[in-house]
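Trainee: I have a protein model open and would like to learn how to read it. Could you walk me through it step by step?

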Amino acid sequence: MNNQDLNLILNKFASLTFSANKYIAFSIPINPELIKYLVILITLIISYQFIITTKKGDYSLAFPLFCLMLGSSSNIFDRIKYGFVIDYINISFFSILNLADVLI
């Protein structure tokens with residue numbers, strides 16, 4: 001398989017596309033202000049749980065909590081700075097998402 005064949009396969013699977021997502025996952029229409037505060041609250045709860053889990057030394061749970069914390073923090077940053085989350089990975093048979101969504 002050469003590079004051209006690989007690019008053809010990848011382009012059928014996914015592409016880069018700009019999408020301004022003002023709503024929550026899969027563009028479910030919920031009030032954007034409510035989403036912002038709800039996501040901040042959930043991120044704070046996850047952060048607290050991460051600190052408690054790390055202090056207990058339970059690193060098998062700390063890593064997934066860290067990924068959740070990192071992904072949700074990135075989406076919060078987008079919502080505060082731009083008023084929406086920037087989605088850019090267009091998976092042809094699924095949806096448009098971003099790296100933070102993958103972490104979550």
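**Reading the model**

Mentor: Buried means under 20% relative accessible area, exposed over 50%, and partly exposed in between (1.4 Å probe, protein chains only). Lys12 belongs to helix H1, residues 3–13. In space, Lys12 and Ser92 are 7.0 Å apart, C-alpha to C-alpha, although 80 residues separate them in sequence.

Trainee: What should I know about the model itself?

Mentor: This is a predicted model, where local features need pLDDT of at least 70 and side-chain atom pairs count only at pLDDT 80 or more, while totals for chains, interfaces and linings use all residues. Residues are numbered from 1 along each chain as its sequence is written, and side-chain values use heavy atoms, leaving out hydrogens and water.

Trainee: How many helices and strands does the protein have, and in which pattern along the sequence?

Mentor: Helices (H or I, at least four residues) and strands (E, at least two) are DSSP runs, numbered from the N terminus. Here the protein has four helices and three strands, arranged along the sequence as α-β-α-α-β-β-α. The protein has 104 residues, and 25% of them count as buried.

Trainee: In which order do the strands form the sheet?

Mentor: Two strands pair if DSSP finds at least two bridges between them. In this model three strands make an open sheet in the order S1-S2-S3, with antiparallel pairing. S1 and S3 are at the edges with a single partner strand each, so one side of each has no neighbour in the sheet. H3 packs on the sheet and touches S1 and S2; its direction makes about 125° with that of S2. For such angles, axes are lines fitted to C-alpha atoms (for helices over the stretch in contact), and angles run from 0 to 180 degrees between N-to-C directions.

Trainee: How many bridges join S1 to S2?

Mentor: Six bridges join S1 (residues 14–21) to S2 (residues 85–91). Ser15 stands opposite Asn90 in S2, and Ser19 has Asp87 as its bridge partner there. On the S3 side, Asn90 is partnered with Ile96. Two bridges link S2 to S3 (residues 96–97), and these two strands form a hairpin with four residues between them.

Trainee: How do I read a pair of aromatic rings?

Mentor: A ring pair is described by the distance of the centres and the angle of the planes. Rings of Phe, Tyr and Trp (its six-membered ring) pair if their centres lie within 6.5 Å; planes under 30 degrees apart count as stacked, over 60 as edge-to-face and the rest as tilted. This structure holds three aromatic pairs. One of them, Phe50 with Phe66, is tilted, at 5.9 Å centre to centre and 40° between the planes. Phe50 sits in H2 (residues 32–56) and Phe66 in H3 (residues 59–82), so the pair ties together parts 16 residues apart in sequence. Phe18, Tyr82 and Phe84 form one aromatic cluster.

Trainee: Is Ser72 buried or exposed?

Mentor: Ser72, in helix H3, is buried, with a relative accessible area of 8%. Contact means heavy atoms within 4.5 Å. Leaving aside neighbours within four places in sequence, Ser72 is in contact with Val39, Thr43 and Ile104. The side chains of Ser72 and Thr43 also make a polar contact at 2.9 Å. A polar contact is a pair of N or O atoms within 3.5 Å; within protein, one must be able to donate a hydrogen and the other to accept it, and residues adjacent in sequence count only if both atoms are side-chain atoms.
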